[in-house]
Amino acid sequence: MVQWHPSLTLEHTPKSGKKLFGAPPFILSASFALLILVGTCLLKLPIATESPITWLQSLFTVTSAVTVTGLVVVDIGTVFTPFGQVIVALLIQLGGLGVMTFAIVTLIALGGKIGFLQQTVAKEAFNQTDTSTLVSTAKAVLVFSLLVEAIGMLILSVHWSDELGWQTSLFHGFFYTISAFNNAGFALSANSLMPYVADPVVNLTITGLFIVGGLGFSVWIDLKRNKRWSKLTVYSRMMITGTILINAVAVIAIYLIEYNNPNTLAPLSELGKWLASWFQAVTPRTAGFNTLPIDKLEDGSTLLILMLMFIGGGSLSTASGIKVVTFMVLILATYSYLRRDEAAYAFKREIPKETISKALALTMISIGVTWLAIFALVLTEKAPILDIAFEAVSAFGTVGLSRGLTSNLSDAGQGIIIFMMYMGRLGPLMLAYFLANPRVKKLRYAETKLAIG
């Protein structure tokens, strides 16, 4: 969650409509909205498509790209020209790394100074509390991202060169690397990465890219500065531990559930089974690619993926969801309550009650928004409830996985999913801002006891 510097408290407490709309999260949201508007117009250009698309289809595609979701109503590989595909890739990059990253680095390159308003907006985007580290953080994020993407592009391009030829393999390497690192899940094929279900290079490179991107830039910066486990921040240790545990449990669960499923793992070799289980276990962390047909998975695997999509990745990352540390805070708080401990602890540090309250508020609001979206889609779409729930959670978690409903959505359904993708990407930032400055009440009421459970 965002913690604001004390000097900003009075300036940015949303006491009036004017200050409310001038608040950093609204400016950041407006910048994303502007990027979506520009991208929608670009994809409507004749040079961007092989065949005309509607304004709604263009808006849906661009929103999905900017929010790094990956849900599509048209086939990216056949409907869009190379120009249109490059536009989609650039929108993914801008949306994944954040508009403010590029804005700050551009200002520095041009010799400009970052004003107070830009600083507060960027601090919201980067989850930073210290203005002095803001510029260095922005530079580190950009350099680190481009370096990782260059490595991923090189590996994929070389690997695909024999199959596709150098020109096509370079373009595919470029597109898939950006899509994977930014946890977008966009593919140039209608069946995503299913042809490479047992390919170790593609599986490990793609998953490596979106795990690195989804872990969170703050964790990588911490690892660079403090190379020993004991010196890492509690947040970094929780994020790394949570990621390993969740991934391990998910891999084993999917392997066991799908082992005899003739539509998924059964036809594969033992290595192929583990690769497919690994890929499908980690991709719901908002990556959106798939090497198995999602609509053919057992119901147990589908429910597990629903939970993984809702949890998401790390803060200050290309992933969305309620975030891994938020989920861990709730687990630790529940455990401490059952043990009747006075407080919740993580790595011999006490978790503040305010942090627990924020985690609970974020989770409950996320559940509420997702439920409302499911309810609305039930009214607008003629589809099984499981497919609808999967679509709504995938949109809110900006994951991009689908059981086949996306391409059959009505206009109203597309509008609902567009809203969910936008809220999934920016909603937690908006909420964090309002939770960062609690109101101080001079009047307090007497406590009362309520029956719970």
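I began with what pairing means here: rings of Phe, Tyr and Trp (its six-membered ring) count as a pair if their centres lie within 6.5 Å. With that in hand, I looked up the aromatic pairs in this predicted model and found that the structure holds 11 of them.

The pair I opened was Phe171 with Phe174, whose rings are 6.1 Å apart centre to centre with 45° between the planes, a tilted arrangement. I noted that both residues belong to helix α10 (residues 166-181), where they are 3 residues apart, about one turn of the helix. Phe171 is partly exposed at a relative accessible area of 23%, and Phe174 is partly exposed with a value of 23%.

I then turned to Tyr255 and Tyr259, which form an edge-to-face pair, 5.3 Å centre to centre and with 65° between the planes. Tyr255 counts as buried at 10% relative accessibility, because buried means under 20%, whereas Tyr259 is partly exposed with a relative accessible area of 31%. The ring of Tyr259 also has the charged end of Lys273 over it, 5.1 Å from its centre.

Last, I looked up the protein as a whole, which has 19 helices and 2 strands. Of its 453 residues, 51% count as buried, and the protein exposes about 21,200 Å², with carbon and sulfur atoms supplying 67% of that area.

Key. Residues are numbered from 1 along each chain as its sequence is written. This is a predicted model: local features need pLDDT of at least 70, side-chain atom pairs count only at pLDDT 80 or more; totals for chains, interfaces and linings use all residues. Side-chain values use heavy atoms; hydrogens and water are left out. Helices (H or I, at least four residues) and strands (E, at least two) are DSSP runs, numbered from the N terminus. Buried means under 20% relative accessible area, exposed over 50%, partly exposed in between (1.4 Å probe, protein chains only). Accessible areas come from the Shrake-Rupley method with a 1.4 Å probe; for residues, only the protein chains shown count as cover. Rings of Phe, Tyr and Trp (its six-membered ring) pair if their centres lie within 6.5 Å; planes under 30 degrees apart count as stacked, over 60 as edge-to-face and the rest as tilted. A charge sits over a ring if NZ of Lys or CZ of Arg is within 6 Å of the ring centre and within 35 degrees of the ring normal.
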